[in-house]
Amino acid sequence: MSGTGGTIPGETLSNQRKDGVHRMRIIVAGGGIGGLALAAGLRRHGFDVAVFERDTDVTATGGYHITLDGRAQAALRRLVPPETVERLLASSSALRFRDPDALWDRRGRLLGYGPSLAGSPSVDIDRITLRTLLADAVGDDLRLGRTVTGIGRTENGTPQVVLADGSSRQCDLLVGADGTHSLVARHLAGGPTSKPAGIIGFSGRTVAEDLSPPERRRLGPRSGMAIAPRGASLYIGFLDPVGNAVLDLPDRRAAITGGPTYIWGAMFPESAETDSMRGLRGDGLRDALLARFRRQGWAERSLEVIAKADPGSVAAYRFNAASTRAQDLAPWPAGRVTALGDAVHATPPTAGMGAGAAICDAADLLEHLREVADGTSTLVVAVSRFEAAMRVRGGEILTLAMRTVRLILATDTPLGAAVTTAATPVAAAVSRIRRRR
Ligand SMILES: Cc1cc2nc3c(=O)[nH]c(=O)nc-3n(C[C@H](O)[C@H](O)[C@H](O)COP(=O)(O)OP(=O)(O)OC[C@H]3O[C@@H](n4cnc5c(N)ncnc54)[C@H](O)[C@@H]3O)c2cc1C
């Protein structure tokens, strides 16, 4: 159907070309990772698409990095033009160049290493860079500063969105890619599609050069995780899109990270205290975070990465999770309004797969819509097949992500705290003996 305009035989059409061919008009509510990936693919394959995004600037998004596994990269190749893939890989840090991940305790003692990453196809990319590159691929089909405030149907059943300025737009298919608190998915499901996961996350960026030499040596060119009793954990991700670039093409590089950088994420069980920390910004938030870790017995050296962070990069997130059961996801009959990504399967970042899954959703929906345009499927069948596959994918990533959430929450119980306190020094000693051998 590529280049033919994306016709949909037998459907009510809202957009007619000069040559009399009707183009399927698709509105995407939300220009985050999934919405932009979908719109880039639709545009590339000749569909008439408009993305309404409430942000006024695509770079106004989380400063953390996104891991894209092999599946997510393959999906992106089906969506965006080859030059975007090239820019994306020239801006990404390859996991295969990293040392194996480490596990530490709260005193900074090594508990063990993960497997070799030499064969890993995964890449890490700044979320800001990823979103910017996707937005470039969508071009003027992305309408920034446009908040969707209502969803409805015309008398003949055509989906329509109402925007904050009171205007409305009709389409053949409305896709809600409006994230965790999705208006579109709530409209379809008749209520929220996810609930708080019980943990609060804080992230920040620390340039490796700003760390003391001993701490830089301890962390090394690797990512790692420190776990401790009472639900406190600290993930430290290593990103270097310059030295560890997937494609060494400096003139194609668009990374916002200019050299070895640790992008860390701290997690705690949700409480009145963590909720009040969410209202803080910059230095105040960083200091509150350090104070909380110190109170829980974390050693200063394990906290240096937070202490030396750029205060402007420190942010708080409340994680939501949808059900881990595939059959609970997208609990609505297939039709001309659907949703994808976090709107359907909101996932805490503990498996690092939410954005990748949103991209896979987008690629899958595009394939099914191309069948509609080719006349080999109908819109409702296409949406139904897309939603069925998305339920399975969503259930898989949620199961993985919730395993880590449950582990973190388990260390917050009296038994879990006792086990973690007793086990970590033993694991550290075993690790020391192994390294001496
Ligand atoms: C700290 C952290 C680390 C993460 N790490 C990873 C990782 O390593 N790997 C990974 O795969 N995933 C990761 N994720 C998860 C990932 O960011 C999300 O799963 C992903 O962004 C979901 O994409 P989406 O398009 O569904 O939603 P989003 O990217 O959240 O986009 C939704 C968009 O909709 C817009 N919007 C909302 N409501 C409206 C409205 N009414 N009108 C118009 N626009 C609206 C929002 O402004 C937003 O731009 C992480 C998340 C966090 C918080």
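**View A. Parallel pairing of strands E1 and E2 in the predicted model.** Five bridges join strand E1 (residues 25-29) to strand E2 (residues 48-53) in the parallel sense, in what is a predicted model. Val 28 has Val 51 of E2 as its bridge partner.

**View B. The open five-stranded sheet.** The strands follow the order E8-E2-E1-E12-E18, with parallel pairing. Strands E8 (142-144) and E18 (337-339) form the edges; each has a single partner strand, so one side of each lacks a neighbour in the sheet. From one strand to the next, the twist averages 20 degrees. Helix H12 (residues 379-410) lies across E18 and strand E12 (173-176), and runs at about 20 degrees to E18.

**View C. The aromatic pair Tyr 64 and Tyr 317.** Six aromatic pairs are found in the whole structure. In the pair of Tyr 64 and Tyr 317, the ring centres are 5.4 Å apart and the planes stand at 85 degrees, so the arrangement is edge-to-face. Tyr 64 belongs to the loop between E2 and strand E3 (65-68) and Tyr 317 to strand E17 (residues 315-321), so that distant parts of the chain, 253 residues apart, are linked. Tyr 64 is partly exposed, at a relative accessible area of 23%; Tyr 317 is also partly exposed, at 23%.

**View D. The aromatic pair Phe 238 and Tyr 262.** With ring centres 5.5 Å apart and planes at 55 degrees, Phe 238 and Tyr 262 form a tilted pair. Phe 238 lies in strand E15 (residues 233-239) and Tyr 262 in strand E16 (residues 261-269), 24 residues apart in sequence. Both residues are buried.

**View E. An aromatic cluster and an arginine over a ring.** One aromatic cluster comprises Phe 202, Phe 268, Phe 293 and Trp 298. Arg 292 lies over the face of Phe 268, 4.6 Å from the ring centre.

Key. Residues are numbered from 1 along each chain as its sequence is written. This is a predicted model: local features need pLDDT of at least 70, side-chain atom pairs count only at pLDDT 80 or more; totals for chains, interfaces and linings use all residues. Side-chain values use heavy atoms; hydrogens and water are left out. Two strands pair if DSSP finds at least two bridges between them. Helices (H or I, at least four residues) and strands (E, at least two) are DSSP runs, numbered from the N terminus. Axes are lines fitted to C-alpha atoms, for helices over the stretch in contact, and angles run from 0 to 180 degrees between N-to-C directions. Contact means heavy atoms within 4.5 Å. Rings of Phe, Tyr and Trp (its six-membered ring) pair if their centres lie within 6.5 Å; planes under 30 degrees apart count as stacked, over 60 as edge-to-face and the rest as tilted. Buried means under 20% relative accessible area, exposed over 50%, partly exposed in between (1.4 Å probe, protein chains only). A charge sits over a ring if NZ of Lys or CZ of Arg is within 6 Å of the ring centre and within 35 degrees of the ring normal.
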